[in-house]
Amino acid sequence: MESDISRQLNSSLSEIVANNQGYSAAHALLVSWAEADDDGIAEEVKLVRSLFEQQFGFNVSEYLIPTEDPVLSLSEMLCGICRSSRREGNANGLLIFYYAGHGDVHPDGKAIWAAKSRGEPTLIWNRVHPSLDHWKGDVLMILDCCFALTVFRGITPETFEILAACGVKEMTPRAGERSFTTRFVKVLSSQLAAKGSTTIEDVWNALIRLKGNDSVHQTPIRALFGGKQSIELKPLTPGSNAALPLRDSRPLALLALTVSISSPLDHVVMRRFQTWVRTHLPKDISSITVDQVFLQTEQIQAWMHESRRAELHAAIARDLRTRGQKESVLLQPSLFDANLPKVKIDELDPSMAKVALADLQEWNAQVYQAILRNLLLSPSFFSSETAQELSQDPKAGPIGLAESAKLRLLNEKLAGTFDYSTISALPFNSVTQIKDFRQYAVGKYRNDLVILESRLYGEGGQEKETVVAQVKKLSRLLREVSHPMFHIAPYVGYIDQPSRHRFGLLFTVPGHVASINNAKAPFITLKDAYKNEKVMSLNVRANIALRLARALSSLHAVGWLHKSIRSENIIFIQAQRQQEEEGTEDMGPSGRSAGAVPTFDFSRPHLFGFDISRSGADMSNATREFRPSNQPYTHPARWGRPTETFSMLHDAYALGVVLLEVGCWRPATHFDPSRKGFADVNNEHSVRERLVLAADTELRHRAGDRFSAAVQTCLTDELEEVAKRVDDPSAFHRAFAANVIDQLARCLASF
């Protein structure tokens, strides 16, 4: 939702700024009659032509309306100008339509233009007016005729502005020193010389002042339709019809603003914002970009206000206070019943906009996790009925609560008898250009680039029938995941590759179109990043750690055990811009583009490795773990033949090992003092002791006390007691949040 709003705002703001910077083209059409009875009109047309052509650099055309078929002839002339402008690609042009001649009004109110004061030829302007609809840009009509303002009948392009010699039932002087055209040319020339540019509103005000001095017979009239600002006239570049740039396209200064909005950011508020920018935008502004739209506070508050459950609100408040949070929080007091502690809104220092936004995001994440924990895990609040209601609550959708409730219900359903007949593999030929990169492959599915995660069967492994049931169950879960809090790439489906004895789970590569034309993978695993990215800032490492911890907590809240958290199952996507620029470059001997160093988005990790992931309600399959490369991530109780059913505790242990790696920026196998990657270690407890020691020493040195404390919570027995609370699954979730997530959040906030 935030990204959609951001795109809409940026699109409209770009257009506003472009219009504000001047026109890409300007064309002045000077219209009079071929058989006019006022000899002075021709001279005045010359004055206007000289003004727009010599002083402004506009394209100028003169057109004499013929006596035969005047409506058709003038319409064709206007349409020809519009077609020519479109062919030249002018999307932001100005059309100036100047008319000098006689004017009258038809009995039905329509404007009549005439060559003579009496009799023919005449035309009804309203029949010509629709031709202006074809002009892409603004229209300025300058009318020196009687009954001038009768021309407008509600057809508006972008901005449609009229400057008329007189009103509906008024007469204007004939051509000469006291005519409207003569005064208009003098005023506009004078203002251009004084200011370099002017607006039609300023010209009109100056003409009004002349009227006050009895210099003109009638009061000029100005009318603005379809826009918010008067049209600005300024010279174009000599010799071309492009706007004169005020300066180099590179900005001379950047100004970052944080706009706080007190109302829900709906279409009405967006229109008000656009109107505000359009009306008051200084001419010095060359671009405006909405970098981020942050709506979660509004969405959380809207849902809590709608729920009106005092006991839930109280539980959330207690939950947050017991985790050491400040009493001053960013939840509106009206969301709580009167008997609950009042909470106030912090005053935020405007000079600390980024810090304030980070604080707001952090607080929202904590509140959201507290809501999730109490609603989906606490026996006091969770039931299938309440989860069902939550999954259908429209206000719970934008913040991910509806999706979480649906996943929680689905996990329970999948643990029992479930009909998998409706879940089938995608056609194998629907995925093309499959290329393997170690444990993952890349392919093309329709117009998307996809990552294939393999699930092997047969050839000494599990039977295909057993594996297909697991894959279908996992596929059913992954289909429901879309919220970014899970850090799971969008899931497409799965394919069966019998020749390779594997199923392939397909995930789209976010933000990329299908382009498999080089030897590089469009991603990097965390394990490979340790080797390829020699230096990684502590700020980035802490952010990766916090996001992974929150992702695992979100999975656990919906009853989902990952069971395979390792650095090789965490992926970062290549920056999209770089992938587009690389195209079909020649490959060097290493498989990389010659001279190119790939860059990846390390701000957002993606969880993979779903080959043995399952619902928390499923019975553990007691998988033995003897692989040396995986053993460092394996809880001691799960080594060899497992002595415990897999639980959230074991996922947390594996996460702790990954967090230790991230904090020190090297793989877990490097913490073996024998430098053999724990390959010769047969005592699971000695591996654990070595990792805990590394967290207490090297990690503390490299990343600080809080980071070290969070990792040690995962690796030691600190969480084991609450993990045994089968009567209250929220106890483990709460302890994990307080001792792991909060510590990492404080660590990140301290930078």
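Guide: Two strands pair if DSSP finds at least two bridges between them. Please note that this model is predicted.

Visitor: How do you know that β1 and β2 pair?
Guide: Strand β1 (residues 25–33) and β2 share 7 bridges in the parallel sense. At least two are required, so the two strands count as paired. Within β2, S61 is the bridge partner of L29.

Visitor: What makes β2 and β10 edge strands?
Guide: The open sheet consists of 6 strands in the order β2-β1-β3-β7-β8-β10, with mixed pairing. β2 (59–65) and β10 (221–225) each have a single partner strand, so one side of each lacks a neighbour in the sheet. From one strand to the next, the twist averages 15 degrees.

Visitor: Which strands does helix α5 lie across?
Guide: Helix α5 (residues 180–195) lies across β3 (93–100), β7 (137–144) and β8 (160–164), and runs at about 130 degrees to β7.

Visitor: How do you know that β12 and β13 pair?
Guide: Strands β12 (residues 431–437) and β13 (residues 440–445) run antiparallel and are joined by 5 bridges. The requirement is at least two, so they are paired. V431 stands opposite Y445 in β13. These strands form a hairpin with 2 residues between them, and R438 in the turn has a positive phi of about 55 degrees.

Visitor: Why is helix α20 called mostly covered?
Guide: In α20 (residues 705–715), 8 of the 11 residues are buried, that is, under 20% relative accessible area. Among them are F707, V711 and L715. The buried residues of α20 pack against several helices, including α15 (538–557) and α22 (730–749).

Technical notes: Residues are numbered from 1 along each chain as its sequence is written. This is a predicted model: local features need pLDDT of at least 70, side-chain atom pairs count only at pLDDT 80 or more; totals for chains, interfaces and linings use all residues. Side-chain values use heavy atoms; hydrogens and water are left out. Buried means under 20% relative accessible area, exposed over 50%, partly exposed in between (1.4 Å probe, protein chains only). Helices (H or I, at least four residues) and strands (E, at least two) are DSSP runs, numbered from the N terminus. Contact means heavy atoms within 4.5 Å. Axes are lines fitted to C-alpha atoms, for helices over the stretch in contact, and angles run from 0 to 180 degrees between N-to-C directions.
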